[in-house]
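I opened the model and kept notes as I went. The entries follow the order in which I looked things up.

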Amino acid sequence: GLGCSPHQVAAAVTVLSKRGEDEARRVVRYIDMIDHFALFAATSEARAMTGKAEEAAAEKERHMRQLEEEKERRVREVGDENDARLKQLEEDKERRLREVGEAKDAELKEA
């Protein structure tokens, strides 16, 4: 947070302690304050990143749910289309059987 190594901080505190105990305490309090601020900033940034990650995950979940709903809807539509096609084929088959049956009945009546 300070832009210098712990050795440099220790050297500065040592020099200041020679000047006077009050000065050294003030520098240590200042360093502690900066450390607390750096920790707070890092924690805040981590929370913000976590929030963004959670938002992205929620968005992905919504998108996946929409895709799943679309797939289910399409499966139902295709199923309905297939059911209609099968029903039509069954009706055509029954109609043809009736026609063939009626034709045979007509032939038998003629014979």
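Predicted model: local features only at pLDDT ≥ 70, side-chain atom pairs only at ≥ 80, totals over all residues.

**Entry 1**

Next I looked for a charged partner. The side chain of Glu81 forms a salt bridge with that of Arg74, at 4.0 Å from N to O. Arg74 has a relative accessibility of 39%, so I put Arg74 down as partly exposed too.

**Entry 1: Glu77 and Arg73**

I then turned to Glu77. Its side chain meets that of Arg73 in a salt bridge, with 2.2 Å between N and O. Where do Glu77 and Arg73 lie? I found both in helix α2, which runs over residues 21–110. Glu77 has a relative accessible area of 30% and is partly exposed. Arg73, at 32%, is also classed as partly exposed.

**Entry 2: a network**

Which residues are linked with Glu81 and Glu77 in a network of salt bridges? I listed Glu70, Arg73, Arg74, Glu77 and Glu81 as its members. For the whole structure I noted eight salt bridges.

**Entry 3: Glu99 and Arg95**

Another of the salt bridges joins the side chains of Glu99 and Arg95, at 3.2 Å from N to O. Both residues belong to helix α2. I counted four residues from one to the other, about one turn of the helix. Glu99 has a relative accessible area of 40%, so I wrote it down as partly exposed. Arg95 is at 35% and is partly exposed as well.

**Entry 4: charges over the whole protein**

I went on to the charge count. The protein carries 22 positive and 27 negative side chains. The centres of these two sets are 6 Å apart.

**Entry 5: Leu16**

I wanted to know what it touches, leaving aside neighbours within four places in sequence. On that basis Leu16 is in contact with Glu23, Ala24 and Val27. For Val27 I also looked up the distance: Leu16 and Val27 are eleven residues apart in sequence, with 8.1 Å between their C-alpha atoms.

**Entry 6: Ala12**

Ala12 also has its place in helix α1. Its relative accessible area is 36%, and I recorded it as partly exposed. I took its C-alpha distance to Val28, which came to 9.9 Å for a separation of 16 residues in sequence.

**Entry 7: Thr43**

I looked up Thr43 in helix α2. With a relative accessibility of 30%, Thr43 is partly exposed. How many residues separate Thr43 and Glu90 in sequence, and what is the distance in space? I found 47 residues in sequence and 69 Å from C-alpha to C-alpha.

**Entry 8: the whole protein**

Last, I looked at the protein as a whole. Its secondary structure consists of two helices and zero strands. The radius of gyration is 42 Å, while the globule rule gives 13 Å for 111 residues. The value is well over the rule, so the protein is more spread out than a compact globule. Along the principal axes, the C-alpha trace spans about 135 × 20 × 10 Å.

The accessible surface comes to about 9900 Å². Carbon and sulfur atoms account for 57% of that surface.

How values were computed: Residues numbered from 1 in each chain as written. Heavy atoms only, no water. Contact = heavy atoms within 4.5 Å. Rg over C-alpha atoms; globule rule 2.2 N^0.38 Å. Areas by Shrake-Rupley, 256 points an atom, 1.4 Å probe, with all protein chains shown as cover. Lys, Arg positive; Asp, Glu negative; His and termini not counted. Charge placed at Lys NZ, Arg CZ, Asp CG, Glu CD. Buried < 20%, exposed > 50% of the residue type's maximum accessible area, 1.4 Å probe, protein only.
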